[in-house]
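Here's a quick briefing to read alongside the model. Have the viewer open, and we'll go through it topic by topic.

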Amino acid sequence: MRVHIATDHAGLELSHHLIDHLTGKGYEVVDHGPKEYDAEDDYPSFCINAALAVVADQAAGQDALGIVLGGSGNGEQIAANKVKGARAALAWNLDTAKLAREHNDANVVAVGGRQHSVDEATAIIEAFLAEPFSNAERHVRRIGKIAEYETTGEVPA
């Protein structure tokens, strides 16, 4: 699986840890930045680029997911969700990470680097990456309605 990762300055240490950790577990990790610490960095570009890459890879048939990190993960999730086809979920424990994949087929996970220890954040991300989408009809239908609105601007019935 290819994993696209992006962060802001607050998640940079966690990002470096995850790149090494996930690469060691056999994931192909693509780092969308930043490359160095800058407290004034603008995370939206990094996170949008990671989400764009996930959506493009999935459209091409590549097994891919994304990770966006920040102090809280909120802004990074918002940025990633502006990409058509991205479904970014803020995960703060194992259950929210698993349910994001199982029920929502989330393709990007957002985690707050200042909210968790490195071990907790790593476990949350591993849970997200490992959990399959259920393909349950009700979940497929609901995701379809979100995609319909995203494409047409019309609120589905």
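Let's start in the loop between helix H4 (94–102) and S5, which is where Asp105 is found. Asp105 isn't a glycine, yet it has a positive phi of about 50°. Keep in mind that this is a predicted model.

**Another backbone spot to check**
- The peptide bond from Gly33 to Pro34 is cis, and its omega is near 5°.
- If you want to find Pro34, look in the loop between S2 and H2.

**The sheet**
- What order do the strands take in the open sheet? There are 5 of them, arranged S2-S1-S3-S5-S4, and the pairing is parallel.
- Strand S2 (28–31) and strand S4 (88–90) sit at the edges with a single partner strand each, so one side of each has no neighbour in the sheet.
- On average, neighbouring strands here are turned by 25° against each other, ignoring direction.
- Zooming in on one pair, strand S1 (residues 2–7) runs parallel to S2, and 4 bridges join the two.

**Rings and charges**
- How many aromatic pairs does the structure hold? The count is 0.
- There is a charge-over-ring arrangement, though: Arg101 lies over the face of Phe128, at 5.8 Å from the ring centre.

**The largest pocket**
- Its volume comes out at about 290 Å³.
- The lining of the largest pocket is made up of 15 residues, and the closest to the centre are Asn81, Ala86, Arg87, Asn104 and Ile146.
- Which elements give two or more residues to that lining? They are S4 and helix H6 (137–152).
- H6 gives the most, with 6 residues in the lining of the largest pocket.
- S4 therefore turns up in two of these topics: it stands at an edge of the sheet, and it also contributes to the pocket lining.

Conventions: Residues numbered from 1 in each chain as written. Predicted model: local features only at pLDDT ≥ 70, side-chain atom pairs only at ≥ 80, totals over all residues. Heavy atoms only, no water. Pairing = 2+ DSSP bridges. Axes fitted to C-alpha atoms, helices over the stretch in contact; angles between N-to-C directions. Phe/Tyr/Trp six-rings, centres within 6.5 Å; stacked < 30°, edge-to-face > 60°. Lys NZ or Arg CZ within 6 Å of the ring centre and 35° of its normal. 1 Å grid on protein atoms, 1.4 Å probe; cavity = no way out; pocket = protein on both sides within 12 Å on 5 of 7 lines; lining within 4 Å. Points joined across faces, edges and corners; volume = space filled by probe spheres on them.
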